[in-house]
Amino acid sequence: MKIWINILAVIVFIAAISAGKVYWNNKVSEQSVSRPTKVEASSDASNAETNWKENAQNLPESIQNKIQKAKQTKTPLKLVIVGSAPQEEVKATWAELLKKKIEDTYGSSLIQVEVREYKNMTTLQFIKSDTYKEIAKASPDVLLFEPFLLNDNGVVGIENTLDNVDIILTYLKRQNEQLITILQPSAPVYKANNYPSDAKALEDFAKENGYEYINHWKAWPDYQSEKISAYLTQAPGQPNDKGEQLWAQYLEHYFTNSKSSQ
């Protein structure tokens, strides 16, 4: 009888040890699966949120709010870039370089960029041909506009240029009241006479009418200095590849908070 009692006790003891081991292994397995996944997901979400805000910190609050909305609604912000096409061939224009930088930085799912460049265009031609209405059809949330300032110089006259810019932007605003417009001058010209005052008039116009203004001339050598010739072709106010990159990098810092390599 004692023998059977001892055998039964051994069996119960072994069963208890086995059950305990299985329970412990299951707990360890559950912990090893769940904990890293939860931490990693939280970290990725936090980094994604932080990155776009760091990249956008040079932008006005109005554009930052649009990016925030684009992220929340999962509908990309549309940036349309409008300006003069180069007279001479270059590897990439400032607008093309900027488009790549913005989409590489934010991702095209957050910001989409469309470039529209027009060769030999003046503001008067832009209006008479109704080409400006094509910009409204592109449905921009933000417009970066270089309004053919150099092409207008000596042809249209700065007062007419500003009147034309006002017509264009008023029309676009009627199509989209929430549109944010950023104005900028064309490239500088070596030893120009009246042209710099045209650029100043455009800046004053922007401030008076509540538009953002980017003065990329700050990144160039003084237009009175021969040093600026290293960034221009023989055509007045036409950047070479080095000039296009200089212009683009100034705008890239504004839009993405990147550091210039100049």
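This is a short talk that walks through the structure shown above.

Hi everyone, thanks for coming. Before anything else, please keep in mind that we are looking at a predicted model.

Let's begin with the overall make-up. The protein has 262 residues, and 42% of them are buried. Its exposed surface comes to about 15100 Å², with 51% of that supplied by carbon and sulfur atoms.

Now for the secondary structure. How many helices and strands does the protein have? There are nine helices and five strands. If you trace the chain along the sequence, you will meet them in this pattern: α-α-β-α-β-α-α-β-α-α-β-α-β-α.

So where do the strands go? The five of them form an open sheet, and the pairing is parallel. Going across the sheet, the order is 2-1-3-4-5. Which strands sit at the edges? Those are strand 2, residues 111-118, and strand 5, residues 212-213, and each of these pairs on one side only.

Let's stay with strand 2 for a moment. Its partner is strand 1, residues 77-84; the two run parallel and are joined by eight bridges.

One last number, on contacts. Taking contacts between residues at least 6 apart in sequence, 73% join residues at least 24 apart.

Key: Residues numbered from 1 in each chain as written. Predicted model: local features only at pLDDT ≥ 70, side-chain atom pairs only at ≥ 80, totals over all residues. Heavy atoms only, no water. Helix = DSSP H or I, 4+ residues; strand = E, 2+ residues; numbered from the N terminus. Buried < 20%, exposed > 50% of the residue type's maximum accessible area, 1.4 Å probe, protein only. Contact = heavy atoms within 4.5 Å. Areas by Shrake-Rupley, 256 points an atom, 1.4 Å probe, with all protein chains shown as cover. Pairing = 2+ DSSP bridges.
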